[in-house]
Amino acid sequence: MPSLTLYDKVWNQHVVKQYDDGTALLYIDRHLVQEVSSPQAFAGLVADNRPLRRPDAHIAVADHAVPTRMRHLPLPDGLASRQVARLEDNCARFGIHYIPMNDRRHGIVHVIGPELGFTLPGVTLVCGDSHTSTHGAFGAIAFGIGASECECVFATQTLRQRKQKTMRVLLNGHLAPGVAVKDIILALIAQIGTNGGVGYAIEYAGSAIASLSMEARMTLCNMSIEAGSRVGMVAPDETTIAYVKGRPLAPVGASWDAAEAYWRSLATDPGARFDREVGLDVSSLSPHVSWGTNPGETAPVSGVVPDPAAEADPVRREKMERSLRYMDLAPGTPFKSIAIDRVFIGSCTNGRIEDLRLAAGIVAGRTVSPSVTAIVVPGSAAVRLQAEAEGLDRVFVDAGFEWRNAGCSMCVAMNDDRLNPGERCASTSNRNFEGRQGRGGRTHLMSPVMAAAAAIAGHLTDVRSLDTAFNG
């Protein structure tokens, strides 16, 4: 028997048919449905008079366009209300389980999937959203799909796919105080580039993985797509199994025993060959911030805005120049001197309870700078309720943050949470593209503790410089 990678094992379990052109018909176990990507897919079913093959394999929730304030009021007329209403109607028509906005299970699809136990190790899972790679933290093959592929999954529960090459990212060492998993993935993308993972399924391995929580692993896999990879995976281990056990939709009894045995068999075999390997010593990392308009334009916060004139590659030099024009930054400017207007803590990257606990630990007993408007948006209603039970909401509110309901919020600016032209934001989200958080808005990506520190300082700063437990 050949030695197989984690990706190989899960892929092989789901191949229905292999084609001569190298593609395969892949069975899809789970499908998360939201309001933005699904309307065309449902319309296709209706137009062709097709039934849904497996209604039980889908869960739907509106997360992108929903408001994070005044949830007790009806949605105002507009695109968001139409999208949510259409999703509700389509789910009722086709028998898909829909989670309403005011349900205790509501939240961002990539947060509630794991919370509910809908996301399981060893499954194939898709969603009409590129950050579906998040779920690979459980050892699942999970990837984002387009509207036509959503329709195909609705109708057949399969997708024709080409198998990816494999890349192993070996993360070794231990994170220093004040350095977070977000710094790992930002540093990795800066190292390999935003196209470094194109065509590869990434497996994260190495000694550093064992010490990461499931929340941290989800952050890591979430941003695999920002390195160009549709698939980021971590092999299931004791941490994975402990997280999944007891979740509402997780297996029970004999089914649990069989599932656990299967999950434990998924680890990459000794001697398995990867098409590419990359290493990163996380012990040497410091907190990172983005300075440009993609996640690869990132550097340690202790540094300065880079000078395009020092870049030999003319294509990259031109891209750097454009980024700096958009960001309104001059080469040589110390990152720590860059003033901010807004802070956003949330998103499917960093809106989980662990993220909020860490950020609250920074702001406790402090006050948000008068020049800054800061919001905290939990990734799900469950996260919000847990945070409130722990008193984290009071910590944030007392410091001057706004405490919101769950949703994608300012990460994607599809509701009222958005930057105004020229505003600069310290953000825990996953993308800093031009206009991502609002037309003309300028985004600096960073970890939750770094965003919390920026809110207090009023400018980008190294969280380790605050008088915290990090430095005694």
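**Charges over rings, aromatic pairs and nonpolar cores**

The charged end of Arg 160 sits over the ring of Tyr 19, 3.6 Å from its centre. Such a placement requires CZ of Arg or NZ of Lys within 6 Å of the ring centre and within 35 degrees of the ring normal. Arg 247 is placed over the ring of Tyr 243 in this way, with its charged end 3.9 Å from the ring centre.

The model is predicted: local features need pLDDT of at least 70, side-chain atom pairs count only at pLDDT 80 or more, and totals for chains, interfaces and linings use all residues. Residues are numbered from 1 along each chain as its sequence is written, and side-chain values use heavy atoms, with hydrogens and water left out.

Seven aromatic pairs were found in the whole structure. Rings of Phe, Tyr and Trp (its six-membered ring) pair if their centres lie within 6.5 Å. Phe 42, Phe 94 and Phe 154 are linked into a cluster by ring pairs.

The largest nonpolar core holds 54 residues. A nonpolar core joins buried Ala, Val, Leu, Ile, Met, Phe, Trp, Tyr and Cys residues through side-chain atoms within 4.5 Å; buried means under 20% relative accessible area (1.4 Å probe, protein chains only). Among the residues with the most contacts inside this core are Val 169, Leu 188 and Tyr 204. Leu 188 touches Val 169, Gly 193, Tyr 204, Val 278 and Leu 280, not counting residues up to four places away in sequence. Contact means heavy atoms within 4.5 Å. A second, separate core has 50 residues, including Leu 324 and Val 463. Across the protein, 60% of the 472 residues count as buried.

Methods. Phe/Tyr/Trp six-rings, centres within 6.5 Å; stacked < 30°, edge-to-face > 60°.
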